[in-house]
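Dear colleague,

Please find below the structure I promised to pass on to you. My notes on it follow directly after.

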Amino acid sequence: MTSERTRAQKWIVWGWPLVPVIAALLFTTALLLLFGASPVVSWQALWVGAFGDQAKVLSVLAFWIPLMLASAGLLVTFTAGLWNIGIEGQIVMGAIAASWIALTVQLPAPLQIGLEIVVAMIAGALWAAVSALLKTRGGVHEIFSGLALNNLAIIFTNYMISGPWQPPEGGSFRGTAPFDPGALLPRFADSRFSPLSLLLTVVAFALVFIALRGTFWGLKLKALGRNAYSSFLLGVSSERETVLAMMFCGALAGLGGAVRVLSWFDSLRQSISGGIGFLALLVVMLAGYRVVVVPFIAFFFAAVLSGSITLQLRTQLHSSLGGILTGVMVLFVLLFGDPRALGIFGRKKETEDELPAEAAALQHPTGSSPGEK
Amino acid sequence: MNEAELIRILSSIILQSAPLIIAVSGEIITERAGIVNLSLDGSMLMAAMTGFVVGLKADEAYPGSGLWVGFLAAAAVGALFAFIVAFGSIRLRQSQVAIGFVLTLLGDDLSAFLGQNYVRAPGPVVEHQGIPLLEEIPVLGPIFFDQSIVVYFAFALVAFLWWFLNRTQPGLKVRSAGERPEAAFARGVDVNRIRYLYTIIGGGLVGIAGAAYSLDVKLGWSDGHIRGFGWIALAIVIFGGWAPIRGMVGAILFGATRTLASVLQRSFPEVSVVAFNTLPWLLMIIVLLISSSSLTERLIAMAPDRLRPPLTRLLRVAPPLALGTRFEET
């Protein structure tokens, strides 16, 4: 009897991750029914919108790249126990910086693109450094400085678009004039996907993977994230590592912003990031801070978000449905993702409760992550 | 600028800050009990949408009932969001910050989806209602007593909250749950019950604040109608040192930036409108720096001895000691 019970337990534990996914699908289906849309037609539209033809798949891929870059950066800041909500602003600043080079500098194509990318990364890193220094020097929590800096970056974009970089044909608030083709990332077959940006993303992700798994820096970040005070006693400079982790993330976010202007669009637009930074926060939370699953979840999110545009066209429903699906999924995973915490097999082991207040509440976001030992 | 215009500007500032005052008061109760409800931005958007749409529907069914039903529905939505935060952190032992943040994003998307058929629709409006006699007082009358019931509610709430937290037995229990839960528990206070209760009540107030926008201060509904205001309210709670009256001052300060931006825009049309939009966000960073940086500490140390205690009281704030921590009965 005990063996049968353990087998049942095994099945539940194995199948558990599917429960929140199904719950999220049911929730969104209920919303569709509430608005009189056929779920079959809607889900089909979502699927076709994401994978219907080659162009759609390439578009998902092109959306996935900046999302991946932002998620990779967030893995570093989350490891250090930082809530880098300012990532949205870092993406925007990267996009503005890349646009600045694209609009003002004329160089041979490879140099031009290289310069755009480097400057975008620097801009993102500096914007992140402001948040980091406000935390270490000013005692301002990075959630609030990040939020304020996000809004300032967006206002700055609107100012540039409607002022200095206004297209010659006049006062549209939509975006700058298209950049010179030589300033854009080379794109694959008339799509928004640029193979070069894929290469950069793979390199960036590998760097993050190695940094977190196999370097002393990664270890220091983990120590900082687990318990800032005791890692300080062990000689980890919390200011240095906080600033470095934030700037690393900001640089990747800035690169993501450059990809947005140089290959997704061909100019600086009003909502240039389109919420990719916030989406990346959800990706990393859903991944439970495990590096390896991040690319897959990011791809799934990219597909849902791209597909929801076709869904809007076919059903006339608001495209926020994709955001609802992903948001509900993450919420369910956060709440019910760990079957042990629900008390199904007795209580969860009390390991995280030893952390001090700050670390437990604000620095180690989900308590224990199931797959990691 | 003549006197009449100044009075009009001041009364507009008071109106603009009223919903913020309500939201800040709600979050103060929640955080004084020890829970951070970070979902404010999303729950206020959801509440603004719900209050508006439900109010509209109720008015169609039973003319005249729209406002009350709308505010009630908005309070229920705010309370529901707050309940999810409380349940997730107390019962399921997950991070309040993570749950609150996801709820913020979800509330934004969900409100856009559910309210999609009501964008820019006309709906119920809270009538302005002067208070007899008081509104006759020169200067103060038109600023404070010729307003809508939302404004009176906001100020009454602050007074009540101050009295409740500082002068009553249940208020003491709330504070003890947020400051020293173990000690409170030892004295027979059911800490987690208190935390559930005041998180939900605080969330209900946040919901009322959201509907106060869509039904009175920023009429109607559109996508992302009041995006950002919830975050501003959360920042004001910190700046306000988790105290009702200071929180009210902070809310008026931020309410002023909105009015000030439009006034300044009219006076200096050559300056881009963009410059004035940055005001609330710059102010957010500045007030948080004032309340938490070590620079303030040094400034206070430089002041003459006699000024130090009042300066410390004025500038320094400290969160409830057990804010954001879990409490387990042993």
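A polar contact is a pair of N or O atoms within 3.5 Å, and within protein one of the two must be able to donate a hydrogen and the other to accept it. With that in mind, please note that this is a predicted model, and that every value below was computed from it.

I begin with Arg195(B), to which the definition applies. The side chain of Arg195(B) reaches the backbone oxygen of Thr325(B) at 3.0 Å. A polar atom of that side chain also lies 2.8 Å from the backbone oxygen of Ala177(B). Arg195(B) is situated in helix α9, which covers residues 191-217 of chain B. Is this residue buried or exposed? Arg195(B) has a relative accessible area of 1% and is therefore buried, the cut-off for that term being under 20%. Setting aside residues up to four places away in sequence, Arg195(B) touches several others, including Ala33(B), Gly34(B), Ile35(B), Ile90(B), Pro181(B) and Phe327(B). Thr325(B) and Ala177(B) are also among the residues it touches. By contrast, the C-alpha atom of Gln16(B), 179 residues away along the chain, is separated from that of Arg195(B) by 30 Å.

A polar atom of the Thr104(B) side chain lies 3.2 Å from the backbone oxygen of Leu38(B). Beyond its neighbours within four places in sequence, Thr104(B) is in contact with Leu38(B), Ser39(B), Asp41(B), Gly42(B) and Trp231(B).

Turning to the chain as a whole, chain B has 15 helices and zero strands. Its radius of gyration is 20 Å, close to the 20 Å that the globule rule gives for 330 residues, so chain B is as compact as a globular protein of that length. The C-alpha trace spans about 55 × 55 × 40 Å along its principal axes. Of the 330 residues, 58% count as buried. Among contacts between residues at least 6 apart in sequence, 75% join residues at least 24 apart.

Finally, the surface and the charges. The accessible surface of chain B comes to about 14100 Å², and 66% of this belongs to carbon and sulfur atoms. Chain B carries 24 positive and 23 negative charges, whose mean positions are 10 Å apart.

With kind regards

Terms used
Residues are numbered from 1 along each chain as its sequence is written. Chains are lettered from A and ligands numbered from 1 in the order in which they are written. This is a predicted model: local features need pLDDT of at least 70, side-chain atom pairs count only at pLDDT 80 or more; totals for chains, interfaces and linings use all residues. Side-chain values use heavy atoms; hydrogens and water are left out. Helices (H or I, at least four residues) and strands (E, at least two) are DSSP runs, numbered from the N terminus. The radius of gyration is taken over C-alpha atoms; the globule rule is 2.2 Å times the number of residues to the power 0.38. Buried means under 20% relative accessible area, exposed over 50%, partly exposed in between (1.4 Å probe, protein chains only). Contact means heavy atoms within 4.5 Å. Accessible areas come from the Shrake-Rupley method with a 1.4 Å probe; for residues, only the protein chains shown count as cover. Lys and Arg count as positive and Asp and Glu as negative; His and the chain ends are not counted. The place of a charge is taken as NZ of Lys, CZ of Arg, CG of Asp or CD of Glu.
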